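This report goes through selected local features of one protein model.

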Amino acid sequence: MADPFDALENRSADERAADFAARLPEQVARAKSLPGYTESLGNIDPASVTGIDALAALPVLRKSEIGKAQAASGPLGGYAAQDAQEFAHIFQSPGPIYEPGGVGHDWWRIGRFLHAVGIGRGDIVQNCFSYHLTPAGMIFENGARAVGATTIPAGVGQTELQVRAAADIGATAYAGTPDYLKVILDRADEDGVSLKITKAAVGGGALFPSLRQEYADRGITCLQNYATADLGNIAYESQAQEGMIVDEGVIVEIVRPGTGDPVAPGEVGEVVVTTLNPDYPLIRFATGDLSAVMEGTSPCGRTNMRIKGWMGRADQTTKIKGMFVRPEQVADFVSRHPEIARARVIAEREGEADVMRVQVEADGGDSGTYQKTVVDVLKLKGAVEIVAPGSLPNDGKVIEDTRSYD
């Protein structure tokens, strides 16, 4: 691997596990001391949480729980290790949910991603992420500072001025959503303005292969990362462009939607993240996003686990016959029958009426018994189909809505 960001990126699995074994108990102890975790971690011995297997036994923390805690007890809800006034920034996300931000070196760990793109000292980054209430602009500015790059705090919109600034200042790199760079480039072409942008670090939306190729045809290397306002950088692409490499400052699990149970490697599930940031110790934080673990390590030489990137949303709550059916209920249904490997609820229409079908992966079994459990747990009647183990799609869905709303 050419010029790693730091020694953490190419350490062995044993070295990484030993580091986590030392840091996880400290982080769990730090979280346990906070009011937000009193109920969920009250009976946990932090010294016992030394690896991902022990971590998997802890409860999952959902964003909705933080929102409720913030509404009841203040802007950070008892989940941060400092009071709100001790942080450099407090941001607002839809909900509203409030997240803290720091200005310490690579506080959100975006520098690692920018370095992978090739951005560093001597680069001028046109930062087109929003600076208004949400943290994306500050997140990427903090990362640019970590790699020694200069930032143009451009924000969103005013494309004509964006083109002028990029040309006059000599921007060599772009940070922002995948599609807005094309807007800037197209406007520059219309105005007959030549830009020097050759690197792009994008996030906050899908980078479609056709768009990446268009940037490549213009001589621009474009890589994407996966980050959230709460956690900072979770995973990022390298020049190899084979999956996303998990950041060294977090521990990622892929679990079955509606549960905290890890799925088999390669199976699609919900991304659950534990951050090692001492200022905001989120333990098993459910992102609501779907992904899957990729086998092997990246050809670029970075040795951490890889995931396939964003593959949809895990919150598949669907209303059928006027009743909400949630992933947690599907998980409860499966747990009542040990012989069931997986299940999938399908919402359909017959004529002008909603119907529910439940597919069950099992070696045989009594469909009548399953139908009774369906009514008990899902509170709705539905046909049960027993299918062969391994036959349901590997897409992370436990609830599928096939109804057309056109």
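L290 sits in strand β13, which covers residues 285–291. The model is a predicted one. With a relative accessible area of 2%, L290 is buried.

R284 lies in the loop between β12 (269–275) and β13. R284 is likewise buried, with a relative accessible area of 0%. Its phi is positive, near 50 degrees, and R284 is a residue other than glycine.

How many of the 11 residues of α6 are buried? Nine of them are, so the helix is largely enclosed by the rest of the structure. The buried residues of α6 are G137, M138, I139, F140, E141, N142, G143, A144 and A146. After α6 comes G148, which has a positive phi near 80 degrees.

Helix α5 (residues 110–117) packs on α6 with the axes 8 Å apart and at an angle of about 65 degrees. Angles of 65 to 115 degrees count as roughly perpendicular, and α5 is therefore roughly perpendicular to α6. The crossing of α5 with α6 is right-handed. On the α5 side the contact is made by I110, G111, F113 and L114, and on the α6 side by I139, F140, G143, A144 and A146. Sorted by class, these residues are seven nonpolar, two polar and no charged.

## Aromatic pairs

Six aromatic pairs are found in a search of the whole structure. One of them joins F129 and F140, whose rings are stacked with 4.3 Å from centre to centre and 25 degrees between the planes. F129 belongs to the loop between β4 (124–127) and α6 (136–146), whereas F140 is in helix α6, so the pair ties together parts that are 11 residues apart in sequence. Both F129 and F140 are buried. F140 is also among the α6 residues that meet α5.

Elsewhere, ring pairs link F87, F91, W107 and W108 into a cluster.

## Two further helix pairs

Two packed helices are described by the angle between their axes and the distance between the axes. For helix α8 (residues 180–191) and helix α9 (residues 209–217), the axes come within 11 Å and cross at roughly 40 degrees. The two helices α8 and α9 are therefore oblique to each other. Their crossing is left-handed. In α8 the contacting residues are L181, K182 and L185; they meet L211, E214 and Y215 in α9. This contact has four nonpolar, no polar and two charged residues.

Helix α10 (residues 327–335) and helix α11 (residues 367–378) have axes that come within 10 Å and cross at roughly 145 degrees. Which hand does the crossing of α10 with α11 have? It is right-handed. From α10, the residues Q329, V330, D332 and F333 take part, and they meet Y370, T373, V374, V377 and L378 of α11. By class, the contact of α10 with α11 divides into six nonpolar, two polar and one charged.

Most residues other than glycine have a negative phi, and most peptide bonds are trans. The peptide bond that joins G95 and P96 is cis, with omega at about -5 degrees. P96 is located in the loop between β2 (89–93) and β3 (97–101).

Q158 is not a glycine, yet its phi is positive, at about 55 degrees. Q158 is found in the loop between β5 (150–153) and α7 (159–169). Is Q158 buried or exposed? Q158 is exposed, with a relative accessible area of 60%. R284, described above, also has a positive phi, but R284 is buried.

Terms used: Residues are numbered from 1 along each chain as its sequence is written. This is a predicted model: local features need pLDDT of at least 70, side-chain atom pairs count only at pLDDT 80 or more; totals for chains, interfaces and linings use all residues. Side-chain values use heavy atoms; hydrogens and water are left out. Axes are lines fitted to C-alpha atoms, for helices over the stretch in contact, and angles run from 0 to 180 degrees between N-to-C directions. Helices (H or I, at least four residues) and strands (E, at least two) are DSSP runs, numbered from the N terminus. Angles under 35 degrees count as roughly parallel, over 145 as roughly antiparallel, 65 to 115 as roughly perpendicular and the rest as oblique. A crossing is left-handed if the near helix is turned anticlockwise from the far one by less than a right angle, and right-handed if clockwise. Contact means heavy atoms within 4.5 Å. Ala, Val, Leu, Ile, Met, Phe, Trp, Tyr, Cys and Pro count as nonpolar, Asp, Glu, Lys and Arg as charged, and the others, Gly among them, as polar. Rings of Phe, Tyr and Trp (its six-membered ring) pair if their centres lie within 6.5 Å; planes under 30 degrees apart count as stacked, over 60 as edge-to-face and the rest as tilted. Buried means under 20% relative accessible area, exposed over 50%, partly exposed in between (1.4 Å probe, protein chains only).
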